Amino acid sequence: MSTNESPQKQDRSADSRFLIDLARAFGGALFFSLPMLMTMEMWWLGFYMDRLRLALLLFLAVPVLTILSYHAGFEETFRWQEDLQDAFVALAVGFASAAGILFLLDIVTADTSLDDAIGKVGIQAIPGSIGAMLARTQLGGGKAQPRERRESHRYLGELFLMGVGAVYLALNVAPTEEMLLLSYKMSGWHTVALALVSMLLLHAFVYAVEFRGHATVPEGTPLWSVFLRFTVVGYAVALLISLYLLWTFGRLEGTAVFETIEAVFVLGFPAALGAAVARLVL
């Protein structure tokens, strides 16, 4: 921007950029949350989901979105307060877009109780807020320039982004009964095979198949080191997120330990793929 522009012109330009960013955030929220907005299990979850677990999920969304803003937010930020502010903007966009679409689809009406409406909109606001935050990188706004960070911070940042991808894809299927149904049908050998395939696909998508944006291994780095530091640890992150989401949605109530472990590995399959995709595109 030219420094010779008048203050009034600079203000109009800033307002215009804000409106474009806001419109892009709504587009990202809609794009990321529409499959879940049109899923019956998500509507019912909003009705019967434990309110403390829903509140915890929304509370955890704030630090997650704040860190996501730092790594891949919808605008350049220079202080953590700006990342926190963008996190609340993304949450507000997620709530507004979810409320608007659910009202349009006649899922939330004027006769819906306040508790039911808050539950249905609140659970849908999470994927919408992630989409709003990622709108810049995914909807043509350009990828945020990476900042200078220490190696340890860069490593943790990449694991964090893998976790965000795991959350998003796992959110699509975690509320469904099929996760437990599959875990009941599968034997122990099926579970072991699924875990191995999940890790191999996670590693292949990021390092071997050469998709657009695939990660490159620094020269001289042993392949086993990359596999352990990113693939195995990334898969462990995906499994932990799967366990948390199944617990949050009440899918583990009355479930034996072995079935719980199998359900976690079943959900860990899409979560691992989500982690791989996030590693490629963010």
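What follows is a short chat about a predicted model.

Student: What should I know before I start?
Tutor: This model is predicted: local features need pLDDT of at least 70, side-chain atom pairs count only at pLDDT 80 or more, and totals for chains, interfaces and linings use all residues. Residues are numbered from 1 along each chain as its sequence is written, and side-chain values use heavy atoms, with hydrogens and water left out.

Student: How many helices and strands does the protein have?
Tutor: Eleven helices and zero strands. Both are DSSP runs, numbered from the N terminus: helices are H or I with at least four residues, strands E with at least two.

Student: How much of the protein is buried?
Tutor: Buried residues are 46% of the 282. Buried means under 20% relative accessible area, exposed over 50%, partly exposed in between (1.4 Å probe, protein chains only).

Student: Which residues touch the most others in the largest nonpolar core?
Tutor: Leu65 and Leu68, out of 62 residues. The largest share of this core, ten residues, comes from helix α7 (residues 151-173). A nonpolar core is a set of buried Ala, Val, Leu, Ile, Met, Phe, Trp, Tyr and Cys residues joined through side-chain atoms within 4.5 Å.

Student: And what is Leu65 in contact with?
Tutor: Leaving aside neighbours within four places in sequence, Leu65 contacts Ala87, Ala90, Leu91, Ser129, Ile130 and Met133. Contact means heavy atoms within 4.5 Å.

Student: New topic. What does the second core include?
Tutor: That separate core has eight residues, among them Ile101, Ile107, Val108 and Ala117.
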